[in-house]
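Here's a friendly walk through one protein model. Have the sequence and the 3D view open while you read.

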Amino acid sequence: MRCDRLWRNARLMTLAAGQGPLGEVDDGVIAAKGGTILYAGPIAEAPLFDAAETIDCQGRWVTPGLIDCHTHLVFGGNRADEFQRRLAGATYEEIARAGGGIVSTMRATRDASRAALVESALPRLDALIAEGVTTVEIKSGYGLSADAESKLLQAARDLGRRRPVAVTTTFLGAHAVPPEFAGHADDYVTLVCDVMLPAIAESGLADAVDGFCEAIAFSPAQIRRVFETARRHGLPVKLHAEQLTNQHGAALAAEFGALSADHLEHLDEDGVAAMAEAGTTAVLLPGAYYFTRETKPPPIDALRRRQVPMALATDCNPGTSPLTSPLLAMNMAATLFRLTVPECIAGFTREAARALGQHEKIGTLEAGKFCDLAVWSIEHPAELVYRMGFNPLHARYWRYS
């Protein structure tokens with residue numbers, strides 16, 4: 001059988017269903033053609049391939065390319081000053097209500113050009129790529145006006161043209177109430193639903209719609225309006241839910257068949273049950289939990305009991321998770337949330353793909369999926385989770401680029 005490229009002498013973590021927690025294969029081979037996997041598994045069961053190029057992995061481990069399924073990678077400015085205020089005792093909510101937080105970044109983002117936003121985001125994207133990321137989700141949400149939100153999504157798409165990485169975009173217009181609508185959140189939601197979201201849907205700039213359901217952001221009733229509008233325009237939804245308080249946003253997200261509900265520190269049993277029934281993925285964000293010094297972790301045991309898929313992401317953003325290391329996020333998830341090694345690795349591969357609605361195309365090493373690979377110089381899978389500040393990536397392949 002003819003193939004373009006063959007990786008041999010490899011140890012695989014296929015993450016495929018029915019093959020154990022990580023789908024480990026000791027003497028493995030991967031064959032690909034046209035950027036798609038033809039075979040991934042034991043060499044003893046492989047067809048005879050005629051490869052244009054053969055790569056000897058020399059016993060290294062190969063995983064699917066990592067997937068960062070929740071980021072706010074494109075923004076203007078930074079919020080280091082707020083970090084200092086938080087160290088002095090100010091809370092996230094106090095800073096937000098004083099005009100900081102998301103609104104602070106909004107001002108810097110509105111002032112920046114599309115080209116400047118791209119240039120400032122490239123180092124952050126490069127850091128993700130350097131740790132094996134082959135797919136990244138990028139949200140808007142720091143423009144909070146029709147033109148600025150469109151500019152953010154265009155900049156995100158530009159990043160996918162500047163680097164060998166798949167970029168999926170999410171419209172997060174319902175992230176915060178901009179100053180010009182202070183005290184009139186319902187009117188801003190009307191703008192989001194009647195003007196911003198329809199225009200973005202028509203332009204094809206977004207792959208999904210998100211919102212922030214929280215006491216300092218938008219109520220469940222307001223988010224419902226956004227989700228109903230997204231449904232009319234054929235866009236899937238996801239939600240920032242139960243991060244600071246329990247607004248029952250996860251159950252609302254599940255009602256709309258959301259791809260994911262994210263953060264979830266204050267998620268209750270009813271929310272877990274609703275997510276399980278709807279097939280909504282839990283996206284856990286240990287970087288934000290760590291950075292804001294939260295003390296209530298997500299209900300991991302309840303999510304396990306209900307078999308809710310658990311994805312992980314960096315939540316890269318300027319205010320609550322200035323993190324560009326998936327490997328460190330894995331370590332944080334293990335130490336802070338007590339996730340297992342297989343759960344951490346699956347969280348940045350198979351389950352992250354599920355959180356983006358792309359598990360049929362990426363996230364595991366299986367025939368028919370895109371050939372997105374990360375090759376690691378490690379002796380045991382646990383090394384991907386155990387080390388801090390060390391990157392064992394040997395090579396990364398994104399559909400051959």
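Predicted model: local features only at pLDDT ≥ 70, side-chain atom pairs only at ≥ 80, totals over all residues.

Residues are numbered from 1 along each chain as its sequence is written, and side-chain values use heavy atoms, with hydrogens and water left out.

**Strands around β1**

Helices (H or I, at least four residues) and strands (E, at least two) are DSSP runs numbered from the N terminus, and two strands pair if DSSP finds at least two bridges between them. Strand β1 covers residues 2–13 and runs parallel to β4 (residues 50–56), with 6 bridges joining them. In that pairing, Leu6 stands opposite Thr54. Another 6 bridges tie β1 to β2 (residues 24–33), this time antiparallel, and here Leu12 faces Val25. Strand β5 (residues 61–64) is parallel to β1 and joined to it by 2 bridges; Arg11 has Trp61 as its bridge partner there.

**Nonpolar cores**

Nonpolar side chains tend to be buried together in soluble globular proteins. A nonpolar core here is a set of buried Ala, Val, Leu, Ile, Met, Phe, Trp, Tyr and Cys residues joined through side-chain atoms within 4.5 Å. Buried means under 20% relative accessible area, exposed means over 50%, and partly exposed is in between (1.4 Å probe, protein chains only). The largest core has 97 residues, and Val74, Leu159, Phe171, Val226 and Leu284 touch the most other members. A second, separate core of 17 residues includes Trp7, Val62, Leu373 and Ala395.

Is Leu172 buried or exposed? Leu172 counts as buried because its relative accessibility is 0%. You'll find Leu172 in strand β8 (residues 166–174). Leaving aside neighbours within four places in sequence, its contacts (heavy atoms within 4.5 Å) include His72, Lys139, Asp210 and His240. Pro299 is 127 residues away from Leu172 along the chain, and their C-alpha atoms are separated by 25 Å.

Thr134 sits in strand β7 (residues 133–139) and is also buried, at 0% relative accessible area. Beyond its neighbours within four places in sequence, Thr134 touches Gly65, Asp372 and Trp398, among others.

The spaces are found on a 1 Å grid over the protein atoms alone: a cavity is a set of points where a 1.4 Å probe fits but cannot get out, a pocket is an open set with protein on both sides within 12 Å along at least five of seven lines, and lining residues have an atom within 4 Å of a point. Grid points are joined across faces, edges and corners, and a volume is the space filled by probe spheres set on the points. For lining classes, Ala, Val, Leu, Ile, Met, Phe, Trp, Tyr, Cys and Pro are nonpolar, Asp, Glu, Lys and Arg are charged, and the others, Gly among them, are polar. The structure holds 2 cavities of 30 Å³ or more.

| Space | Volume | Lining by class |
|---|---|---|
| Largest pocket | about 370 Å³ | 12 nonpolar, 4 polar, 2 charged residues |
| Largest cavity | about 110 Å³ | 4 nonpolar, 7 polar, 2 charged residues |
| Second largest cavity | about 40 Å³ | 4 nonpolar, 4 polar, 1 charged residues |

Helices α2 (92–97) and α3 (102–111) each supply at least two residues of the pocket lining. Residues lining the second largest cavity include Thr134, Gly65 and Asp372.
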